Amino acid sequence: MPPLVMKIAPWVLLVMSNVFMTFAWYGHLKGKPMALPVAILSSWLIALPEYMLAVPANRIGHNIYSTAELKVGQEMITLLVFTLFSYFYLGEAIKLSTIAGFALIVSGVAVVFYFR
């Protein structure tokens, strides 16, 4: 793969995997309650594609990024996907305290990437 694709591909795959995982973990909270065993089984079925995206993302990404960079980048992606999911899918308001807490985590990501 060309170098630019190798730099971007892990992040695109991690965004897609996080969308799946966010639905697996929190999607069952909207609408009619379902039985816990059904929620667990459906979450596992949604999580399978997540792993099929996350594993290649980390394998490809490890050729360019350290595992720490991949992990903190993935956490930042998780926060972004979770925030959008909470607001648009679950209809939950985003509080200032939540934004402040997430900003502190993002600053940690910046530290890891800046001091490579």
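A crossing of two helices is left-handed if the near helix is turned anticlockwise from the far one by less than a right angle, and right-handed if clockwise. In this predicted model, H1 passes H2 in a left-handed crossing. The two helices pack at an angle of about 165°, and their axes are 8 Å apart. Angles over 145 degrees count as roughly antiparallel, and H1 and H2 are therefore roughly antiparallel to each other. The contact of H1 with H2 is made up of 18 nonpolar, four polar and one charged residues.

The chain as a whole has four helices and zero strands. Its pattern along the sequence is α-α-α-α. The C-alpha trace spans about 45 × 35 × 20 Å along its principal axes.

H3 and H4 form another packed pair. Helix H4 covers residues 96–114, and helix H3 covers residues 67–89. The axes of H3 and H4 come within 9 Å and cross at roughly 155°. This pair is therefore also described as roughly antiparallel. H3 passes H4 in a left-handed crossing. On the H3 side, the contact is made by Ala68, Glu69, Val72, Gly73, Met76, Leu79, Phe82 and Thr83. On the H4 side, Phe102, Ile105, Val106, Val109, Val112 and Phe113 take part. By class, the contact of H3 with H4 has eleven nonpolar residues, two polar and one charged.

The pairing of H1 with H3 has another geometry. Helix H1 spans residues 3–26, and its axis comes within 9 Å of the axis of H3. The two axes cross at roughly 50°. That angle makes H1 oblique to H3. H1 passes H3 in a right-handed crossing. H1 contributes Trp11, Leu14, Val15, Asn18, Val19, Thr22, Phe23 and Tyr26 to the contact. H3 contributes Glu69, Leu70, Gly73, Gln74, Ile77, Thr78, Val81, Phe82, Phe85 and Tyr89. Twelve residues of the contact of H1 with H3 are nonpolar, five are polar and one is charged. Glu69, Gly73 and Phe82 of H3 are in the contact with H1, and these residues are also in the contact with H4.

The largest pocket has a volume of about 360 Å³. Its lining consists of 19 residues. H1, H2 (36–61) and H3 are the elements that give two or more residues to this lining. By class, the lining divides into ten nonpolar, six polar and three charged residues. Asn18, Met21, Glu50, Gln74 and Thr78 lie nearest the centre of the pocket. Among them, Asn18 of H1 and Gln74 and Thr78 of H3 also belong to the contact of H1 with H3.

Notes. Residues numbered from 1 in each chain as written. Predicted model: local features only at pLDDT ≥ 70, side-chain atom pairs only at ≥ 80, totals over all residues. Heavy atoms only, no water. Axes fitted to C-alpha atoms, helices over the stretch in contact; angles between N-to-C directions. Parallel < 35°, antiparallel > 145°, perpendicular 65-115°, else oblique. Contact = heavy atoms within 4.5 Å. Nonpolar A, V, L, I, M, F, W, Y, C, P; charged D, E, K, R; others polar. 1 Å grid on protein atoms, 1.4 Å probe; cavity = no way out; pocket = protein on both sides within 12 Å on 5 of 7 lines; lining within 4 Å. Points joined across faces, edges and corners; volume = space filled by probe spheres on them.
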